[in-house]
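Reader: Please walk me through this model, starting with a side-chain contact and ending at the ligand. Keep it short.

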Amino acid sequence: MNVGQKGISSIAIIGGGTAGWMAAAVLAKALVAQGIAITVVESDTIGTVGVGEATIPPIRDMNTLLGIDEDAFVRATGATFKLGISFENWRARGHSYFHPFGRFGADIGSLPFHSYWQALRATDPASAGPLTSYSLTAMAAAAGKFCRPSPDPRNPLSNLSYAFHFDAGRYAQYLRSLAEAGGVVRREGRIVDVGMTDAGFIRDVMIESGKRVAADFFIDCSGFHGLLIEGAIKTGYEDWSQWLPCDSAIAMPTARAADPAPFTRSIAEEAGWQWRIPLQHRMGNGHVFASAFTTNDNAERVLRSSVTGVPLAEARLLRFTAGRRRKAWNKNVLAIGLAGGFLEPLESTSIHLVQSALTRLLALFPDRAFAPADIAYFNRATATEYERIRDFLIMHYHVTERDDTVFWRYVRTMTVPDTLAERLELYRSRGRFFPEALDLFLEPSWIAVMEGQGLRPTGVDPMAMAATDQLSALLPRMHQTISRTVERMPTHAAFIGQALTAK
Ligand SMILES: Cc1cc2nc3c(=O)[nH]c(=O)nc-3n(C[C@H](O)[C@H](O)[C@H](O)COP(=O)(O)OP(=O)(O)OC[C@H]3O[C@@H](n4cnc5c(N)ncnc54)[C@H](O)[C@@H]3O)c2cc1C
């Protein structure tokens with residue numbers, strides 16, 4: 001550090017939901033040993049949103065970073081394993097497709113696997129079969145099977161990729177125990193006042209008891225309240241509801257009625273969609289909907305009439321606006337979690353956005369000068385990351401054959417962001433897709449959803465067409481290898497049973 005540069009000596013994390021305790025656990029691991037004091041302020045009376053229960057594979061990197069034993073984690077959080085998402089009624093009523101984690105097929109030549117598959121589909125569709133027949137993850141999900149990937153790259157099981165479904169309350173509790181063991185101090189109480197400096201930085205927050213908590217750096221994890229980032233320093237919000245009009249959800253857990261499936265279900269409805277998230281001990285259910293196109297009562301009726309199992313709690317209504325804070329980091333406040341923005345849980349991305357914000361924070365950890373260039377980079381990268389996910393979500397609604405309700409006619413014909421329109425045109429032309437920096441969802445995910453939603457290229461990559469002679473023999477062999485591997489895998493229920501009894 002340069003002479004005169006002053007380091008951060010204290011951090012206050014405002015909020016103890018999933019975002020707050022994830023931040024506390026990660027920062028405790030990285031910073032407490034350097035003498036930085038970390039405090040979490042949360043209010044039991046305000047409570048948490050408590051519904052984020054489906055994740056994507058990078059969560060396992062977070063577990064590794066925190067030194068978490070996965071079996072212990074599965075036991076403590078009521079977790080099940082997730083291999084992807086089944087999208088039902090999205091392209092058309094009665095149609096379904098699967099968005100699996102991980103890759104399709106194996107390397108063949110210089111082109112991505114899907115180009116060869118498209119070439120074979122154009123010339124010999126019976127041999128090509130569906131794209132998911134080349135995904136070990138999709139095939140395992142369809143068979144209700146699960147095991148962990150093989151570390152041996154020659155083993156087909158090395159292509160298996162997975163995440164978790166877990167109980168949000170137990171997850172926050174689990175992270176809290178790690179964070180407190182790592183030296184984080186928790187303060188209970190509702191924040192009723194915020195102290196500012198003349199330069200507009202946050203100096204401290206006051207809890208209703210009158211006690212003040214001061215810090216050099218504040219992480220706003222106060223959820224939709226945005227207590228500091230919006231309430232105190234008025235950062236502004238970029239509203240994306242013209243593209244993502246769903247602004248409400250009704251959540252209602254039910255008792256477990258069957259063995260948990262190793263995937264999330266997303267079922268399109270007249271003005272939104274429903275989720276089904278299977279846990280060990282219960283089923284998470286919810287109906288995400290656009291209040292401009294249906295009523296709360298109707299949305300609740302749809303949810304209640306389709307769940308299986310006895311309701312375990314009252315149905316709970318949540319409201320939100322798709323979009324992001326204009327600056328995730330403003331002065332000495334960084335907003336993480338729902339305080340930073342919201343993208344509906346269609347692809348289970350919110351918890352991941354917490355994780356990636358924390359990774360970026362550690363790469364750009366400030367001193368008390370809060371260097372503007374570092375903060376500007378953080379904000380630009382965060383905005384791009386959000387926008388790329390936003391485009392992926394919009395695609396689910398926009399690329400559809402559905403036109404049976406006002407909602408579907410709106411999303412199907414709306415003008416989409418240029419960044420998405422370009423990607424769709426590129427695919428429509430010769431079935432090509434190229435990743436961009438800060439893409440969370442890579443080629444296999446985009447292809448799975450574009451194909452699943454019914455987007456068909458009008459042509460095929462000419463270089464792949466030149467290889468079709470070999471493909472008619474090669475691709476069916478790949479599919480057989482995957483099928484045989486899946487046959488030998490244990491069922492998901494049996495695998496969870498092993499994880500629960502492991503000591
Ligand atoms: C319907 C729905 C479904 C979702 N599903 C998924 C999913 O499947 N997967 C996924 O990744 N994400 C999902 N999410 C998002 C996920 O729930 C959140 O990203 C995650 O829970 C983080 O929330 P949070 O910690 O930012 O906010 P919250 O859980 O709201 O926590 C806010 C905290 O701030 C505290 N607080 C607020 N105001 C004050 C105050 N004045 N004084 C003191 N404390 C205060 C509260 O007490 C609480 O501790 C979903 C969200 C919604 C709305």
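**Contacts, sheet and ligand**

Author: The side chains of Thr-45 and Ser-43 make a polar contact of 2.9 Å. A polar contact is a pair of N or O atoms within 3.5 Å; within protein, one must be able to donate a hydrogen and the other to accept it, and residues adjacent in sequence count only if both atoms are side-chain atoms. This is a predicted model, where local features need pLDDT of at least 70, side-chain atom pairs count only at pLDDT 80 or more, and totals for chains, interfaces and linings use all residues. Residues are numbered from 1 along each chain as its sequence is written, and side-chain values use heavy atoms, with hydrogens and water left out.

Reader: Is Thr-45 buried or exposed?

Author: Thr-45 sits in the loop between β2 (37-42) and α2 (59-65). Helices (H or I, at least four residues) and strands (E, at least two) are DSSP runs, numbered from the N terminus. Buried means under 20% relative accessible area, exposed over 50%, partly exposed in between (1.4 Å probe, protein chains only). Because its relative accessibility is 69%, Thr-45 is exposed.

Reader: Is Asn-63 buried or exposed?

Author: Asn-63 belongs to helix α2. Its relative accessible area is 4%, so Asn-63 counts as buried.

Reader: Which residues is Asn-63 in contact with, leaving aside neighbours within four places in sequence?

Author: Contact means heavy atoms within 4.5 Å. With those neighbours set aside, the partners of Asn-63 are Ile-68, Phe-73 and Phe-164.

Reader: Which residue in β10 stands opposite Met-206?

Author: Strand β9 (residues 202-207) runs antiparallel to β10, joined by three bridges. Opposite Met-206 stands Arg-212.

Reader: How much of the ligand does the protein bury?

Author: The ligand is surrounded by 34 residues, and the closest include Gly-16 and Ile-191; a residue is near a molecule if one of its heavy atoms lies within 4 Å of it. A backbone N or O atom of Gly-16 lies 2.8 Å from a ligand oxygen atom, and one of Ile-191 lies 2.8 Å from a ligand nitrogen atom. Taken alone, the ligand exposes 1000 Å² (Shrake-Rupley method, 1.4 Å probe). Of that, the protein buries 97%.

Notes. Pairing = 2+ DSSP bridges.
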